[in-house]
Amino acid sequence: MALGPTCPNCAARVPFLRTQFNFGRTFACRRCDQALVVPRFQAFVIGMGLTLIFLFGRHDFPPEWGGGLGLLVLIVAVSLPVSWALTAVKRV
Ligand SMILES: [Zn+2]
């Protein structure tokens with residue numbers, strides 16, 4: 001199984017930026033023209049999980065690593081590829 005979101009119709013890869021922005025908006029597969037959407041709820045759950053990690057972790061994060069801001073940068077750096085890998089696009 002390929003990592004990351006692919007078109008359920010033709011298995012073409014969905015562009016990375018489509019999976020990070022434009023949640024809930026439809027777009028056409030670049031290979032087969034199937035209308036696709038990244039479900040809003042899924043993006044919401046991933047975002048909430050990361051926010052909770054930040055809220056609970058920021059006080060325990062070592063100050064010499066940048067404290068809360070360092071944790072935020074770390075979460076963003078980790079979450080982009082992780083959320084991309086977890087994203088599934090759906091047919092509209
Ligand atoms: Zn397709």
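What spacing do the donors of the zinc ion follow along the chain? In this predicted model, the pattern is C-x2-C-x18-C-x2-C.

The zinc ion takes its protein donors from Cys7, Cys10, Cys29 and Cys32, in each case through the SG atom. These donors lie 2.3 Å from the zinc ion. The angles among the four donor atoms run from 106 to 111°, and the site is tetrahedral. For comparison, the ideal angle for four tetrahedral donors is 109.5 degrees.

The secondary structure of the protein chain consists of three helices and three strands. Read from the N terminus, the elements follow the order α-β-β-α-α-β. The three strands form an open sheet with the order S1-S2-S3 and antiparallel pairing. Strand S1 (26-28) and strand S3 (90-91) are at the edges of the sheet, and each has a single partner strand, so one side of each is left without a neighbour in the sheet. Strand S2 covers residues 35-37 and runs antiparallel to S1, to which three bridges join it. In one of the bridges, Thr26 has Val37 in S2 as its partner.

The overall dimensions of the protein chain were also computed. The C-alpha trace spans about 50 × 20 × 20 Å along its principal axes. The radius of gyration of the protein chain is 16 Å, whereas a compact globule of 92 residues would have a value near 12 Å. Of these 92 residues, 28% count as buried. The protein chain exposes about 6,300 Å², of which 67% is supplied by carbon and sulfur atoms. Among the contacts with a separation of 6 or more, 50% are between residues 24 or more positions apart.

Note on methods:
Residues are numbered from 1 along each chain as its sequence is written. This is a predicted model: local features need pLDDT of at least 70, side-chain atom pairs count only at pLDDT 80 or more; totals for chains, interfaces and linings use all residues. Side-chain values use heavy atoms; hydrogens and water are left out. Two strands pair if DSSP finds at least two bridges between them. Helices (H or I, at least four residues) and strands (E, at least two) are DSSP runs, numbered from the N terminus. Donors are N, O and S atoms within 2.8 Å of the metal (3.2 Å for Na, K and Ca); water is not among the atoms, so sites may look incomplete. Four donors count as tetrahedral if all angles lie between 85 and 135 degrees; four count as square planar and six as octahedral if opposite donors are over 155 degrees apart and all others between 65 and 115; anything else is irregular. The radius of gyration is taken over C-alpha atoms; the globule rule is 2.2 Å times the number of residues to the power 0.38. Buried means under 20% relative accessible area, exposed over 50%, partly exposed in between (1.4 Å probe, protein chains only). Contact means heavy atoms within 4.5 Å. Accessible areas come from the Shrake-Rupley method with a 1.4 Å probe; for residues, only the protein chains shown count as cover.
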